[in-house]
Amino acid sequence: MLSPQLFHKIFGVAFFLLLCCAQGKPAGIPPLPGFVRLPEYDEGFIPGFLPLVDSEVGDMIRQLEHQISRLAGVLSLEKKITASGGKIFATNGEKADFQTTLKKCREVGGSIATPRNPGENDAILYFVKNFNTYAYLGIKESLIPSNFQFLDGTQLSYANWHLNEPSGKGKEECVEMYTDGTWNDKKCNQNRLIVCQF
Ligand code: MMA
Ligand code: CA
């Protein structure tokens, strides 16, 4: 029988693994493309957690990693998830306007896909190409026409505008990704592929 202390530890580890699920993988099986390997833990030690001594805990971690890896495999096969750096991007293949996309992503604990470098832009482009549908990005025009910002209000540190874009001059407050990965400022009421990040 598991002691309450051990149960608490296992619960903590499970929660930790859920938080960084895409990084999990069973030993010996390579991570899916774009997914990062968890650091090897030495003698059952996970940074931030008490040293783990019970081999039951190690077995449970491996089981959880295996299950998470299988789930990632299924979603990857369906082209519903991909990763870049530490970020996971996901789509459900459905379309929605900008506000609905924000809501849908928030409802599942994520946020709208926001490319902050070429690798992340390519990760989003993977869905745009596969579903042959433009996607809204987490970028909006500020009160200054033609000035675009991330949704947290910070200035763009990376941009991939299409030639002659942005063009809306205050009339196109959202940003969509074209099937070549370039960006266009666009009205926010169109139906676009829902892509979230986690
Ligand atoms: C559309 C609309 C704009 C875009 C231009 C490019 C005519 O407007 O999608 O956002 O800039 O096409 O020609
Ligand atoms: Ca435009």
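# A chat about a predicted model

Biologist: Where does methionine 177 lie?
Modeller: Methionine 177 is part of strand β6, which covers residues 174-177. Keep in mind as we go that this is a predicted model.

Biologist: Okay! Is methionine 177 buried or exposed, and why?
Modeller: Methionine 177 counts as buried, because its relative accessibility is 0% and the cut-off for buried is under 20%.

Biologist: And what does methionine 177 touch, leaving out residues up to four places away in sequence?
Modeller: Quite a list: Asn121, Ile124, Leu125, Val128, Tyr134, Ala135, Leu137, Thr182 and Trp183. Take valine 128 from that list. Valine 128 and methionine 177 are 49 residues apart in sequence, while their C-alpha atoms are 7.5 Å apart in space.

Biologist: How many residues does the largest nonpolar core have?
Modeller: That core has 18 residues. Methionine 177 is one of those with the most contacts inside it, along with Ile124, Leu137, Ile139, Trp183 and Val195.

Biologist: Which elements give two or more residues to this core?
Modeller: They are helix α4 (118-130) and the strands β4 (135-141), β5 (148-150), β6 and β8 (192-197). The top contributor is α4, which gives five residues.

Biologist: Why would nonpolar side chains be buried together?
Modeller: As a general point, nonpolar side chains tend to be buried together in soluble globular proteins.

Biologist: You mentioned Ile139. What does isoleucine 139 touch, again skipping residues up to four places away in sequence?
Modeller: Isoleucine 139 touches Phe148, Gln149, Phe150, Leu151, Leu156, Glu173, Cys174, Val175 and Trp183. Besides the core we discussed, a second, separate core of six residues includes Ile81, Ala83, Ile88 and Ala90.

Biologist: Let's zoom out. How many helices and strands are in the chain?
Modeller: The chain has four helices and eight strands. Reading from the N terminus, the order is α-α-β-β-α-β-α-β-β-β-β-β.

Biologist: How much of the chain is made up of buried residues?
Modeller: Buried residues make up 40% of the 198 residues. As for the surface, the chain exposes about 11300 Å², and carbon and sulfur atoms supply 57% of that.

Biologist: What share of the contacts with a separation of 6 or more comes from residues 24 or more positions apart?
Modeller: Such pairs account for 65% of those contacts.

Biologist: New topic: lysine 87. Buried or exposed?
Modeller: Lysine 87 counts as buried, because its relative accessibility is 15%, and the limit for buried is under 20%. You'll find lysine 87 in strand β2, residues 87-96.

Biologist: What does the side chain of lysine 87 reach?
Modeller: Lysine 87 reaches the backbone oxygen of threonine 114 at 2.9 Å with its side chain. There is also a polar contact of 2.9 Å between the side chains of lysine 87 and glutamate 120. If we skip residues up to four places away in sequence, the residues lysine 87 touches include Thr82, Arg116, Gln197 and Phe198.

Biologist: Last one, the ligand. Which residues surround ligand 1?
Modeller: Ligand 1 is surrounded by Glu165, Ser167, Glu172, Asn184, Asp185 and Lys186. By class, that shell holds two polar, four charged and no nonpolar residues.

Biologist: How far is an oxygen atom of ligand 1 from an N or O atom in the side chain of serine 167?
Modeller: For serine 167 the distance is 2.9 Å. For the side chain of glutamate 172, the distance from a ligand 1 oxygen to an N or O atom is 2.5 Å. A polar side-chain atom of asparagine 184 lies 3.0 Å from an oxygen of ligand 1. Taken alone, ligand 1 exposes 330 Å², and the protein buries 46% of that.

How values were computed:
Residues numbered from 1 in each chain as written. Chains lettered and ligands numbered in written order. Predicted model: local features only at pLDDT ≥ 70, side-chain atom pairs only at ≥ 80, totals over all residues. Heavy atoms only, no water. Near = heavy atom within 4 Å. Polar contact = N/O pair within 3.5 Å; in protein donor to acceptor, adjacent residues only side chain to side chain. Areas by Shrake-Rupley, 256 points an atom, 1.4 Å probe, with all protein chains shown as cover. Nonpolar A, V, L, I, M, F, W, Y, C, P; charged D, E, K, R; others polar. Buried < 20%, exposed > 50% of the residue type's maximum accessible area, 1.4 Å probe, protein only. Contact = heavy atoms within 4.5 Å. Core = buried A, V, L, I, M, F, W, Y, C linked by side-chain atoms within 4.5 Å.
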